[in-house]
Amino acid sequence: MRSTKKTVEKHPIHVKSGDKVVITSGKDKGKVSSVKKVITSENKVVVEGANMITKAQKAQGGNQGGLIKIEAPMDSSKVMLYCPACEKATRIKYEVVDNKKVRICKKCGEKLD
Ligand SMILES: [Zn+2]
């Protein structure tokens with residue numbers, strides 16, 4: 001049950017579609033994969049091959065119905081950006097380079113954009 005009193009704060013999500021991320025909790029903990037989709041309004045992300053759920057698909061047209069596996073959205077707080085230089089999840093900082101905001105690995109200074 002969700003409390004309706006809770007105010008929803010909108011935080012910008014720290015990852016974007018196509019980013020490499022590490023999953024930090026749940027059954028796929030430690031997995032490195034890429035972000036398929038970011039759902040800003042729900043603060044959720046869909047990560048390729050992670051948080052798989054089985055869904056029943058109705059038969060329609062020429063297709064037989066059946067069970068399909070799809071990625072369920074997960075909370076964006078469960079993923080951390082992956083730094084290819086450090087080869088692990090990393091914290092990021094933002095820096096402005098050439099008037100563009102870029103994300104930088106806090107540990108090694110590698111640009112992640
Ligand atoms: Zn790094």
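How many of the six residues of strand β9 are buried? I looked up residues 92–97 in this predicted model. The number is zero, so β9 lies largely in the open.

**Partner of β9.** I checked the pairing next. β9 runs antiparallel to strand β10, residues 100–105, and six bridges join the two. I picked E95 and traced its bridge partner, which is V102 in β10. Then I went to the turn. Two residues sit between the strands of this hairpin, and D98 takes a positive phi near 50°.

**Whole chain.** I counted secondary structure: ten strands and zero helices. I then looked up the radius of gyration, which is 17 Å. The globule rule gives 13 Å for 113 residues, so the chain is more spread out than a compact globule. The C-alpha trace spans about 50 × 40 × 30 Å along its principal axes. I also asked for burial over the chain, and 17% of the 113 residues count as buried. For contacts with a separation of 6 or more, I found that 39% join residues 24 or more positions apart.

**Core.** I turned to the largest nonpolar core, which has 13 residues. V15, V21, I23, V35, V45, V47 and V79 touch the most other members. β1 (20–23), β2 (32–39), β3 (44–47) and β7 (79–83) each give two or more residues to this core.

**V21.** I listed what V21 touches, leaving out residues up to four places away in sequence. The list reads V15, S33, V35, V47, V79, M80, L81 and Y82.

Notes
Residues numbered from 1 in each chain as written. Predicted model: local features only at pLDDT ≥ 70, side-chain atom pairs only at ≥ 80, totals over all residues. Core = buried A, V, L, I, M, F, W, Y, C linked by C-beta atoms within 7 Å. Buried ≥ 20, exposed ≤ 12 C-beta atoms within 10 Å, placed from the backbone. Helix = DSSP H or I, 4+ residues; strand = E, 2+ residues; numbered from the N terminus. Contact = placed C-beta atoms within 7 Å. Pairing = 2+ DSSP bridges. Rg over C-alpha atoms; globule rule 2.2 N^0.38 Å.
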